Amino acid sequence: STTAVLNAWVNSRHKEAPERAHAFFEKMLAMGNDTQTNVVASNIVIQSWATSGRGRAAALKAEEVLRSIEQETKDENRPDVLSYAKVLYAWAQCEKLEGAGDASKRATEILELMLSMKEIGLKVEPNVYCFTTCISSWAKCKGVPEAPLEAEKLLDKLIELYKATGEKQYCPNLRVFNATIAAWIRSQERDSLERAIRIKQRMTEFTSPDTVTHNTILSRYAQQGRGAEALEYLDMMQAEGSVPDRITNNTVLAAVAKDDSDNAAQNASDFLRKMEASDIGVDKVSYGTVLNAWSRSYDPDRVFRAEALVSTLGEKYEAGSSMLKPDVYIFSTLMKCCSSMENTDAARNAQILAISENAFNCVHRYSQPNSIVFATHLLNLKRFSDDAYYRKTRIEATFSDCIDHGLVSRKLLEVIGDEIV
């Protein structure tokens, strides 16, 4: 059958599947096949374009297919809600690639067209999925000031329709509220966090927030380093009956670690211990977050605290926690922490250099070094090695290793300076 052939192309994963399906569809139209089949077939072709990952070109093609059967005079032969919903999805996918807002504007125009057709009695009434797709599209915009406002306006329209008609298809659900919250959180507007929280409060009239809701809001606390408020929010969500997951805890941890208080690193370490004791547990991201906090702190013993953290991570991995395998980021952050230390007495310098040496060796054991690892370790060798002969031989050996890995960079040569003649 026609639809079987189209589905075969769409499911083939052939790089030209959308073009082949589209060409077959146009041939079918030219032959005058029954129009009801045309609606089903058009939806398959639109879906093929919408999921092709080709951005604007695909969205325009999806809309072209829609227009090809939009001129039918009989309602049963015209595009249905699914046809328009798939085109909306195509434009939302375009926005995901472009992020400039133009695709979201087009999606919103199509949604408004559906609403106008509803008013004259055509059976293409948009449902909550259509609204959610358009709102999610606005949430994908990057640096578009009006994006969250447009998203919220669509939410307001959906709520208005539901309250005016009582029809289930307009009932706002969790996904549409989460999409609107995401639009605010991803924007750069000064009051975005407060607006997102206000949306969360509005949603309780129709549904309850879930972990995704809370994690999205918490992500802004993390971006802004508002650790104390993130902890308060965590307490509030648990009091409301929501159960945090590892993403929740890692996001709160990130907020605490980035807080501008003098005790941020210590507070992050304390929260990490609570995570370790919980049923949710920790992962490599958790340790990396706290490690980075120590590397940014002004604690005089920060490098030793960071070393202890990396040692714990390594011990847990060796004991069987495969998801805690240290990587190049972990070790390079520890080495960066070494670089931040003051050059004081010989004994302390030796301790700092030993930590950097060990971290450098562990990179080779657990992962693969990058140019940052080599540059940072070379810097530490220059700064903390008081023995001129040891410094020279170690720098030469490290530089040779760097050459073998093909990672020599201008920055690295600047670090070495005249150490190698």
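**Entry 1: Gly121 and helix H6**

I started at Gly121, which follows H6 and has a positive phi, near 95°. I am working on a predicted model, where local features need pLDDT of at least 70 and side-chain atom pairs count only at pLDDT 80 or more, while totals for chains, interfaces and linings use all residues. My residue numbers run from 1 along each chain as its sequence is written, and side-chain values use heavy atoms, with hydrogens and water left out.

Next I looked at H6 itself, which covers residues 102–119. Helices here are DSSP runs of H or I with at least four residues, numbered from the N terminus. H6 has 18 residues and spans 26 Å from its first C-alpha to its last, close to the expected 26 Å; the expected span is 1.5 Å times one less than the number of residues.

I then asked which residues of H6 are buried. They are Ala103, Ser104, Ala107, Thr108, Ile110, Leu111, Met114, Leu115 and Met117. Buried means under 20% relative accessible area, exposed over 50%, and partly exposed in between (1.4 Å probe, protein chains only). The buried residues of H6 pack against H4 (56–70), H5 (81–98), H7 (128–139) and H8 (147–165).

**Entry 2: Tyr329**

I found Tyr329 in helix H17, residues 328–339. Tyr329 counts as partly exposed because its relative accessibility is 39%. Leaving aside residues up to four places away in sequence, Tyr329 touches Gly288 and Asn292, with contact meaning heavy atoms within 4.5 Å. I also checked Pro209: its C-alpha lies 34 Å from that of Tyr329, and the two residues are 120 apart along the chain.

**Entry 3: Cysteines**

How many disulfides does the structure hold? I found zero, taking a disulfide as a pair of cysteine sulfur atoms within 2.5 Å. Cys337 is in no disulfide either, with the sulfur of Cys338 the nearest at 6.3 Å. Both residues turned out to be buried: Cys94 has a relative accessible area of 0%, and Cys337 also comes out at 0%.

**Entry 4: A nonpolar patch**

Last, I looked at the surface patch formed by Ile403, Val408 and Leu413, which together have about 250 Å² of accessible area. Areas come from the Shrake-Rupley method with a 1.4 Å probe, and for residues only the protein chains shown count as cover. Patch members have over 30% relative accessible area and no salt bridge; nonpolar side chains (Val, Leu, Ile, Met, Phe, Trp, Tyr) are joined within 5 Å, like charges within 9 Å. A salt bridge is a side-chain nitrogen of Lys or Arg within 4 Å of a carboxyl oxygen of Asp or Glu. Leu413 sits in helix H21, residues 410–416, and is partly exposed at 44% relative accessibility.

Key: Helix = DSSP H or I, 4+ residues; strand = E, 2+ residues; numbered from the N terminus.
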